[in-house]
Amino acid sequence: MGAELGKYKTCVSARSTDKEILKHAQDGGIVTSLFGFALDEGIIDGAIVAATKEFAHKHPEKAMMDNSNMEFHEPWRPIPVVITTKADLLAAAGTKYNLSPNVSLIKEATRSFGLDKVGIVGTPCQMQAIRKGQLYPIGLRDVGASIALALGIFCMENFPYQSILQLVEDHAAMKMEAVKKMEIGKGKFWVYGKRGQVVQLPLKVTHKYEQPGCHVCLDYVANLGDISTGSVGSPDGWSTVFVRSKIGDSVWAKAMAAGCFETQPIEKVKPGLEMVSKLANEKITKNKATVESRKTFGVGKGLRIPYI
Amino acid sequence: MNNSTLNEAIILSKVVEISPTTRHEGHSKLVLKVNDAGIIETGNWCSITPVRGVEKLAVGKTPEQVPKIASRVCGICPIAHTIAATEAMEASIKCEIPKDALMLRHILQLANRLHSIALHDILILPDFYIPGTETKINPFTPEEPVRSVAKRIQRLREIGQTIGQISGGECIHPSNTRVGGMYRNVSEQAKHKMYDLAKEGLVLAHQQADFMIAVIRSYHKRDFVDVGGMKVALPKDLGYHNQGYLATHAFYGTSSQEEHPTWDLNRFKDTRPWDWYMGEMTVDLEEPRYPVGGTTKIGTKVNPQMEACTSIPLYDGQPVEVGPRARLVTFKKFDEKGTRGQNIAREMEYQDCCYEMMDSLDELNTSGKVLADYIPQGDGSIGWATNEAPRGCDAHIARVKNWKVQYFNMLVPTTWNFATCSKALEGAPWQLAEVVMRGYDPCVSCATHMIVLDEDNKLVAQKLIQ
């Protein structure tokens, strides 16, 4: 295992000890628990998370005022919101499998939301944006220093909302409102219905619905998060956690001391780090090929490539 | 005085030029005709900042773009420009904004003033002495007592800018003001943060104002001051003038939408600099000791009439003074005159900023709406709004038709003050001309207007009120 997992201080398999969180969470409830703990401890005074459109509609003061038509019913459409309480955090828990522009709120969080210490969760690309914003704060005056905790989540690729709509409503033949949970695991896209039905789609089907921009990304495990987490590598209901930065280390140690998580050594669990490494390498190899092909794409000019 | 002595006096007066003037925003110069004793007979203070042309850029743009462009004219009081331009658009299209939006604008405006006064303190401090000593103040020295003053100034600026950031999205070039209100209301948490900061600022503002007023008073009690090693007699009426004052509100502004506006477009007239400034002359007094780097070399040709990049706005046919003293004279019966009065008035506004901010925060309902339900497209009628920028009344005039700006004009604070200050220079020793000028807290770049000259320096076009 090499650079594909990024730099990290510790890696464990963990899950929340809070049953209420586990009920709402995607896997081990790591992000929800960490933010909940950080809010309680005053490490952050608010966090930017992906909530549902219904939540944003109910609490417009917590969301970005943009042009999205709030009256237009779109279940499972993620909307970034700033939450300051545990109750809101639970309402926003769980993965939505489509694009949530969390970084768009980072400046406003320090402005009209009045936050001094912001927590943010995001995919690897969003972590890169956050770190870039901290290094080169153009248009982000005073924002960098306010980012107190950045949690990264593993990401192979992401889907636009229309893709998820197509996958669920056409391929899985389920109404969006009737979906309880979506998941990608064991090489399949799983859709769980509220009535108990389970549909699995082979990932081969979902590939064409991916966002093309994701195919140049060479980061699977959110290398730039303070802490990054995802289900891959750990048993069902557990999450793999990489503690990466000093901030991450201190928050994780405090959360452990407070009994927020139960952990198992990553070496002891199946499928373990080998699986994470394998998928990370798969993503990197596959996307490097796209990057290479883009170099000569078009007539006499290549497409913009962020990694070369 | 018979004719021969009059002629002698004219012959005896010398011309000295201080260019560029320092420790203020923008690029300006002083051309002074002085007598034998070095006392200014005629003073011309002119902007030589290149023309921005914002008023031309605005034509044809949409009303929401123009305040953003207008704001870019300068980074010291962009908030005043944004608010005045936005409200001029609203006045033209006749759009009433919700109360909470107005409260947010009040807070934004005061935050800007708080940080601007603090900045001005840093700029004028080197003119003054530590009271009771012969040591001039260097605000950047690591030694006490100046060090803690500098730190206090920095904190006050930080407080002002942070409050501006929260209420307006950005402390320089605020992004949240919109035609019709504000982009969004603040959260309850943000309101508390602003309140806490205003409270902290109030304590510091009291301390800072006390310190500055003591320093200013002790300076003006002196008989002589030192300028670049020259011992200069300090007149007790430094900076006195007999022009009127113009202030439209104790801290905010007015607009043509109001039932009883405190400014009248019909009493205003724009004139050209060559009606007011001196013509071509040759510099015949040079002082290499004058800080920094001496005055302009003897033999240099100067022509304030043609070099000045401003227009001269008149109110009731006369140049007027705008700024903190004008506000305090108009609304709070302040009666100190001259440069001393100006600087003290500015310091007295420190605490007012924080008090007003807290009052506005008390009034602010964080769940209230901040955008008007209906925003008209504009029928082409003239609308104007004034905003009391830190350095004076900033009046913007606009005409919007079918959501396009047809006409836009900015009468910014320092434009008003140029001619007034030129009058105030008379009777002062020329070495103190910059002290008088700094009393106006000049912000020159936005004062620069649209004048087009051809190759022979002949005027071919000028932006006048249409």
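Visitor: How many helices and strands does chain A have?
Guide: This is a predicted model. In it, chain A has 10 helices and 11 strands.

Visitor: What box do the C-alpha atoms of chain A fill?
Guide: Roughly 50 × 45 × 45 Å, along the principal axes.

Visitor: And how does the radius of gyration of chain A stand against a compact globule?
Guide: It agrees with one. Chain A has 19 Å, and a compact globule of 308 residues would have a value near 19 Å.

Visitor: What share of chain A counts as buried?
Guide: 44% of the 308 residues.

Visitor: Contacts next. Of those in chain A between residues at least 6 apart in sequence, what share joins residues at least 24 apart?
Guide: 69% of them.

Visitor: On to the sheets. What's the strand order in the sheet of 8 strands?
Guide: In chain A the order is 3-2-4-5-9-10-1-11. The sheet is open, with mixed pairing.

Visitor: Which strands sit at its edges?
Guide: Strand 3 (78-83) and strand 11 (261-265) of chain A. Each pairs on one side only. Neighbouring strands in this sheet are turned by 30° against each other on average, ignoring direction.

Visitor: How does strand 11 of chain A pair with strand 1?
Guide: Antiparallel, over 5 bridges; strand 1 of chain A covers residues 10-16. A:Ser13 stands opposite A:Gln264 of strand 11 there.

Visitor: Which strands does helix 6 of chain A lie across?
Guide: Strand 4 (118-122) and strand 5 (147-153) of chain A. Helix 6 (residues 124-135) runs at about 155° to strand 5.

Visitor: What about the sheet of 3 strands?
Guide: That one is open too, in the order 6-7-8 of chain A, with antiparallel pairing. Strand 6 (179-185) and strand 8 (198-202) of chain A are the edges.

Visitor: How many bridges join strand 6 to strand 7 in chain A?
Guide: 6 bridges, with strand 7 spanning residues 188-193. One pair is A:Val179 with A:Gly193 in strand 7.

Visitor: Now the interface. How many residues does each chain give to the contact?
Guide: Chain B gives 11 residues and chain A gives 8 residues. On the chain B side, helix 6 (146-168) and helix 7 (188-221) of chain B each give two or more. Helix 7 of chain B has the largest share, 3 residues.

Conventions: Residues numbered from 1 in each chain as written. Chains lettered and ligands numbered in written order. Predicted model: local features only at pLDDT ≥ 70, side-chain atom pairs only at ≥ 80, totals over all residues. Contact = placed C-beta atoms within 7 Å. Helix = DSSP H or I, 4+ residues; strand = E, 2+ residues; numbered from the N terminus. Rg over C-alpha atoms; globule rule 2.2 N^0.38 Å. Buried ≥ 20, exposed ≤ 12 C-beta atoms within 10 Å, placed from the backbone. Pairing = 2+ DSSP bridges. Axes fitted to C-alpha atoms, helices over the stretch in contact; angles between N-to-C directions.
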